[in-house]
Amino acid sequence: MKPQVNQAFKLPTNQSELSLGSSCVAGILTAVNAGWRTFKPVIDQDKCIRCLLCWVYCPEGVIGKENEKLEIDYDYCKGCGICAHECPQKAIDMVREAVK
Amino acid sequence: MTKIDKRFLSGNEAVAEGVRLCRPQVIAAYPITPQTTLVEKLSEFVADKEFPCEYMLVESEHSAMAATMGASMMGVRTFTATSSQGLLYMCEMLNFVSGSRFPVVMVNANRSTATPWNIFGDHRDAMAMRDSGWIQLYTESGQESMDTVIQAYRIAEDPRILTPVMVNLDGFSLTHTYDLVEVPDQEVVDRFLPAYQTDNKLDLKNPKSQCISIGPDFHTEIRLQQQDAMDMAKKVIADVDAQFGKEFGRSYGGLVQEYRCDDADYVLVVLGSVAGVARTVVDELRKQGEKVGVIRVRSLRPFPNEYFASLKNRFKALGVLDRNLSFGNQGGVYTETKAALFTPGNMIQTLNFIAGLGGRDITKVNIAEMFSKLKAVSEGEAENEMQFIGLRWS
């Protein structure tokens, strides 16, 4: 289970709020990280046979198998497309992200 | 009244006694001439259980500094020592330690850097590490080396500083020469230097990431933090030296130590053990009526800019003796001293003397020659700004 983004986290606003040197509080997520993506994987749940190869191959660990349907955590998916490439059912499409 | 414990010790042995009195919990070191007898002595102390300490025999200087940093990251007091090639090999880790603000104390036995291969003393090694973010102190005697190690922990571990300290001893001329050294009582040192306590450590109850990457958005502010600590260190180095004087009866001038400068016309700026010879020459020249003096820079980082800026027209000429040279420019201490002197109203003429490279003796004759050149330049004679002194041939 991924930790949730800590909404209470605030970046330092002056010199005295900086942590010392190259250290910081550990074990919290301060932001999502999905901005690298040009294409996003979309699972066609009708074609998916839940073989979990995508779950095995995903280098970011963003495919969730907790629920009945596989779910992609788009807050952290980098859009590398490995899941789509490995899927034997061709159940994952890489869909271009809307230009922001 | 406590018994005074005076012993006949080499510079390295004096440092080892000083380190023992500071009770570091981890020492990681790799032997290198002329530091070897120092770490040998320390390993004997640890083997004899003189103080509780983990002595890590590592495979290189890079590892020595990495292991020392790892131990410091656990919040314990640490020590290491090196010299020359070893210091250069540590370069990467020196920057890790200073950037992570771990108060490691290291002794560097100043030695030339290859090639030509040379095991003898000059300041090229430490000078090459000037920008590594470490405080750099230079000592003159075995006694001062021991005392400075004790002071170094107080400075490094001060919560306002948390910056590693490199204590520099001239290879052989200090590390291997014997002198009468007063070894203080453990209780007095314990009072002066309490156990190291810090929040800057790995702690399961207060988890932290260490040695993280910090991008352009906050990097400059982290560097400002390091610079602020260095600026504060100017005060702390002087304060700690003064407090040491009260407690132990010996102090060394803080950042700089003047000798017979009050009414001087010509002064020579030096680093390290050559100060003794320079003072002897000053005494001799004073008997002949020459108004000369010596300024010994004890702290190269932080550099005593304010001190030099305040000199204005106190002297007619100021020479800097460098046992190092930045090829293509001038001696390292000279360029910094000259920059610090560059203030409105400064009238002091300056010369740079390069001497003592690769362990060549700097003789009384050499020092006297430097003073005569300073006198000549202040009287309008032409002198090259930078000169090699004591060349085999001219």
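A residue counts as buried if 20 or more other C-beta atoms lie within 10 Å of its own, as exposed if 12 or fewer do, and as partly exposed in between, with C-beta atoms placed from the backbone. The model is predicted, with local features needing pLDDT of at least 70 and side-chain atom pairs counting only at pLDDT 80 or more, while totals for chains, interfaces and linings use all residues. Residues are numbered from 1 along each chain as its sequence is written, and chains are lettered from A and ligands numbered from 1 in the order in which they are written.

Reader: In what order do the strands of the open sheet of chain B stand?
Author: Helices (H or I, at least four residues) and strands (E, at least two) are DSSP runs numbered from the N terminus, and two strands pair if DSSP finds at least two bridges between them. β14(B) pairs in the parallel sense with β11(B) over 4 bridges and with β15(B) over 6 bridges. The sheet as a whole has mixed pairing, and its 6 strands follow the order β10-β12-β11-β14-β15-β16.

Reader: Which strands are the edge strands of chain B's sheet?
Author: β15 (residues 349-354) of chain B is joined to β16(B) by 3 bridges, and the two run parallel. An edge strand pairs on one side only, and those of this sheet are β10 (256-259) and β16 (386-388) of chain B.

Reader: What angle does helix α11 of chain B make with β14(B)?
Author: Angles run from 0 to 180 degrees between N-to-C directions, with axes fitted to C-alpha atoms, for helices over the stretch in contact; contact requires C-beta atoms, placed from the backbone, to lie within 7 Å. Helix α9 (residues 275-287) of chain B lies across β10, β11 and β12 of chain B, at about 165° to β12(B). Helix α11 (residues 332-341) of chain B touches β11, β12, β14 and β15 of chain B, and its angle with β14(B) is about 150°.

Reader: Which element gives the largest share of the side of domain 1 of chain B that touches domain 2 of chain B?
Author: An automatic or database assignment supplies the domain bounds, here domain 1 (6-248) and domain 2 (256-388) of chain B. The contact takes 27 residues from domain 1 and 19 residues from domain 2 of chain B. On the domain 1 side, the largest share is 5 residues, from α8(B).

Reader: What is the radius of gyration of chain A?
Author: Chain A has 2 helices and 5 strands, and 10% of its 100 residues count as buried. The radius is taken over C-alpha atoms, and the globule rule is 2.2 Å times the number of residues to the power 0.38. A compact globule of 100 residues would have a value near 13 Å, but chain A has 17 Å.

Note on methods: Two residues are in contact if their C-beta atoms, placed from the backbone, lie within 7 Å.
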